[in-house]
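Please look over the sequence and the structure before reading on.

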Amino acid sequence: MTGVPLPYWRLSLYYFFYFAFIGVFSPYFTLYLQGLSLSATDIALLMSQMQLMRLLAPTFWGWLADKRGRRVDIIRLSALCACVGFTGFFLTDNFLLMFVPMTLMAFFWSASLPLVESLTFAHLKDQPQRYSQIRVWGSVGFIVAVLLGGALLDDLPISDVPAMVFVVLLGILLMAFKLPEGLRIPRSGMAEAADEALASLGSVMRERRVWMLLLACFLMSSAHGVYYVFYSIHLDTLGYSKGMIGLLWSLGVLVEIGLFMIMAPLMKRYSLRALLLATYAVAAVRFLMIGWGGESLVLLLIAQTLHGVSFGVHHAASIAAVNQWFPRHIHARGQALYSSLSFGGGGLFGGVISGLVWEPLGAGWAFTLGSVFALAGWFCIAKGMTSDPEAPNSAALVR
């Protein structure tokens, strides 16, 4: 790839639209479903398809990409199929029938990010420090989408949310066809390498500190399940405008970006174990504030600033531990396992459980359950992570 210019803007704009989708979908699609008079349990079950597909789909799409040796073809196909799948929301508002477009869209949408991450590093090659300069545009996309979406929905009916989501999906599709293929990985000896990697992965996973960390990450994502499914509904019920809901979501991501940018000095000053213990304690307090103090805008503002710790610092410290404990030849598998178990499995479990608790017990106890999950995660780190990995000297990570 020597002499080939970095496709900076094509990669950056893909990240922009990809995370702009989350900025429209996560805060506002639950409000759309609530507007259809669906119960909290029904909303949680529908939204859980996103986490279920994040648990199952990346493994299949990664295998397919390895088999074909090309990533961009699959990224383009997945973007097209996600758009086609989502059109089902324009044809039905029946709870059971909506499972079809939700599952199709989630299955294909979740396929692309791991492949785009791999593609980005293939293009960066000998300058991986520039990754954060590209990935930061994803956070910009999220903030633009959540703020613009909130402002629009203060004037437009909530029934327009599917159209807003579809426009962003079309942006992902457009940028997918702008992405250039990167350097292919040599395929010689891949079967032998795969067998060796699988054996190494099993050996690492038998270490107590590793599976206790992954269990803790599962619990942290479970704690956030109620937040990602019901936070907007909670604020809407309390009388906050769509614009204010968007501002609160954006505040959390802005603080998260700032903390990502200073993770390198934080990791030099504090051990990963200490950072992780702090994130679980902060998460437990944060969800109690949201659940029981939502009437106070001041408390909500404080709670959203804590998102930078409960998600941002936790994510960066967890990735650092996984990178340190999993040998280089199984780094990718270790990160995929972390992502699937935490964001996929944990998010699915937390979202469904919170849906079952929301209506009979109310928002306060649903968010309290999130705090309980966070405290359980704190216990896993305290008891399981008795030795601290040396933090790698790497560039800051950005959402």
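Predicted model: local features only at pLDDT ≥ 70, side-chain atom pairs only at ≥ 80, totals over all residues.

Helix H1 (8–35), helix H5 (131–153) and helix H6 each supply at least two residues of the lining of the second largest pocket. The volume of this pocket is about 210 Å³.

In total, 13 residues line the second largest pocket, and Val24, Ala145, Leu148, Met164 and Val168 are those that lie nearest its centre. Sorted by class, the lining contains eleven nonpolar and two polar residues, with no charged residues.

## The cavity

Rolling a probe the size of a water molecule over the atoms shows where empty space is left. In this structure there is one cavity of 30 Å³ or more. The largest cavity holds about 40 Å³ of space.

Its lining is made up of Tyr14, Ser78, Ala79, Ala82, Phe108, Trp109, Ser112, Leu169 and Ile172. By class, seven of the lining residues are nonpolar, two are polar and none is charged. At least two residues of this lining come from each of helix H3 (72–86), helix H4 (99–124) and helix H6 (161–176).

Helix H4 consists of 26 residues, and the distance from its first C-alpha to its last is 39 Å, close to the 38 Å expected at 1.5 Å a residue. Just after H4 comes Lys125, which has a positive phi of about 50°.

## The fold and its core

The chain has 15 helices and zero strands. Of its 399 residues, 54% count as buried. Among the contacts in the chain with a separation of 6 or more, 86% are between residues 24 or more positions apart.

In soluble globular proteins, nonpolar side chains tend to be buried together. Here the largest nonpolar core has 129 residues, and Phe21, Phe29 and Trp109 have the most contacts inside it. Trp109 is also one of the residues that line the largest cavity. When neighbours within four places in sequence are left aside, Phe29 is in contact with Val24, Met47, Phe86, Phe89, Met102, Val161, Pro162 and Val165. One of these partners, Val24, is also among the residues nearest the centre of the second largest pocket.

Is Ser78 buried or exposed? Ser78 is found in helix H3, and it counts as buried because its relative accessible area is 2%, which is under the 20% limit. Apart from residues up to four places away in sequence, Ser78 touches Phe108, Ala111 and Ser112. Ser78, Phe108 and Ser112 are also among the residues that line the largest cavity.

Ser250 lies in helix H9 (residues 242–261). This serine is likewise buried, because its relative accessible area is 2%. Leaving aside its neighbours within four places in sequence, Ser250 is in contact with Ile143, Val146 and Leu147.

Ser37, by contrast, is exposed, because its relative accessibility is 67%, which is over the 50% limit. Ser37 sits in the loop between H1 and helix H2 (40–68). Although Ser37 and Phe95 are 58 residues apart in sequence, their C-alpha atoms are 9.9 Å apart in space.

Conventions
Residues numbered from 1 in each chain as written. Heavy atoms only, no water. 1 Å grid on protein atoms, 1.4 Å probe; cavity = no way out; pocket = protein on both sides within 12 Å on 5 of 7 lines; lining within 4 Å. Points joined across faces, edges and corners; volume = space filled by probe spheres on them. Helix = DSSP H or I, 4+ residues; strand = E, 2+ residues; numbered from the N terminus. Nonpolar A, V, L, I, M, F, W, Y, C, P; charged D, E, K, R; others polar. Expected span 1.5 Å × (residues − 1). Core = buried A, V, L, I, M, F, W, Y, C linked by side-chain atoms within 4.5 Å. Buried < 20%, exposed > 50% of the residue type's maximum accessible area, 1.4 Å probe, protein only. Contact = heavy atoms within 4.5 Å.
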